Amino acid sequence: MASDQALRDLILASNPVGYYPLDTQANLGRDISPHAHHGSQSGTFQQQVLTLAGMDISVAKGVSAPLVVIPDRAEYRGRTFTMECIISHQEDANLVIAERGGDNQNWSLQSVGTAMGMPVPSYQFVLGASTQPANGRAGPSMTGHMIFTSVQGITKIYLNGVALKEWTVATGNGIQGNQGNLPIHLFSRGGNFASSAYLAHVAFYARELTVAERQARENLFSNLYEWKLHPLTATPANQEPRSQFQPQDVAWRGTPPLYPGPVNVQQMSQSIVCKGHD
């Protein structure tokens with residue numbers, strides 16, 4: 001497998017407050033950030049490998065009552081919050097992919113589709129009590145690297161480092177209503193109504209990623225093809241000496257003058273022209 005270390009290095013260089021690669025099926029709650037804020041899991045999951053920008057990335061999907069629980073931190077409760085991940089989904093439904101708590105008062109990432117007037121597959125990211133949820137939606141994006149940010153209630157969504165939608169109006173009040181000890185749930189709401197989304201490299205930040213950090217992601221994921229140099233040997237055509245070519249016996253004949261031959265010597269008549277057309 002081609003290593004995904006370049007992506008890991010980018011994420012760790014941004015100093016996330018939690019980073020869950022989700023690459024070990026038996027230990028999906030493993031946090032590889034310096035904080036080592038490990039979570040737990042329940043239910044059943046499956047994994048597969050996606051290839052993005054030349055990297056083989058192991059992604060996880062819930063199968064039966066799937067739930068990864070990440071313990072709460074003060075950094076998860078602020079007015080500005082960012083979730084970064086590799087994600088792939090095709091569901092035409094409104095289901096929880098990730099959220100803090102389960103009361104729609106904090107922040108949540110959900111799938112949305114045609115019932116919400118959105119192309120499939122699309123996303124909704126909201127922080128705080130939602131007053132205008134349509135202002136937090138963007139799509140479509142089936143598979144890719146995604147950044148979901150809310151800055152005081154204003155949602156910004158990026159695909160492979162490039163803006164998919166940067167809203168300028170709020171989707172909610174931008175204040176997480178429950179400041180108690182609420183865990184983050186991945187893959188479902190408390191093990192119920194599971195999403196069919198595949199996830200990997202889930203990272204959390206108590207801030208917005210900088211332009212330079214997003215540009216670094218764009219640079220990584222815009223490398224879609226591996227370019228290789230192939231030596232070529234140029235061979236000029238017509239290497240024969242000019243003297244070997246015989247002059248062509250070409251003459252102009254016919255009427256009007258300068259009409260190039262050959263000329264049909266058969267005399268034309270109305271019957272010949274119309275022959276076969278009756």
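Helix α1 (residues 5–13) and helix α2 (residues 211–221) pair up in this predicted model. Their axes come within 11 Å and cross at roughly 175°. Angles over 145 degrees count as roughly antiparallel, so α1 and α2 are roughly antiparallel to each other.

Which residues of α1 and α2 meet? From α1 come A6, L7, L10 and I11. From α2 come A216, R217, L220 and F221. By class, this contact has 7 nonpolar residues, 1 charged residue and no polar ones.

Now the salt bridges. The count comes to 10. Three of them are listed here.

| Salt bridge | Closest N to O |
|---|---|
| R8 with D4 | 2.9 Å |

Are R8 and D4 buried or exposed? Buried means under 20% relative accessible area. R8 has 13%, so R8 is buried. D4 has 10%, so D4 is buried too. R30 is at 26% relative accessibility and counts as partly exposed. D23, with 25%, is partly exposed as well.

E208 is partly exposed, with a relative accessible area of 26%. The pair of E208 and K156 links distant parts of the chain, 52 residues apart. E208 lies in the loop between β13 (198–205) and α2, while K156 lies in strand β10 (residues 154–159). Salt bridges that share partners also join D4, R8, D23 and R30 into one network.

Finally, the whole chain. It has 3 helices and 13 strands. Of its 278 residues, 41% count as buried. The chain exposes about 14,900 Å², and carbon and sulfur atoms supply 54% of that area.

Key
Residues numbered from 1 in each chain as written. Predicted model: local features only at pLDDT ≥ 70, side-chain atom pairs only at ≥ 80, totals over all residues. Heavy atoms only, no water. Helix = DSSP H or I, 4+ residues; strand = E, 2+ residues; numbered from the N terminus. Buried < 20%, exposed > 50% of the residue type's maximum accessible area, 1.4 Å probe, protein only. Areas by Shrake-Rupley, 256 points an atom, 1.4 Å probe, with all protein chains shown as cover. Axes fitted to C-alpha atoms, helices over the stretch in contact; angles between N-to-C directions. Parallel < 35°, antiparallel > 145°, perpendicular 65-115°, else oblique. Contact = heavy atoms within 4.5 Å. Nonpolar A, V, L, I, M, F, W, Y, C, P; charged D, E, K, R; others polar. Salt bridge = Lys/Arg side-chain N within 4 Å of Asp/Glu carboxyl O.
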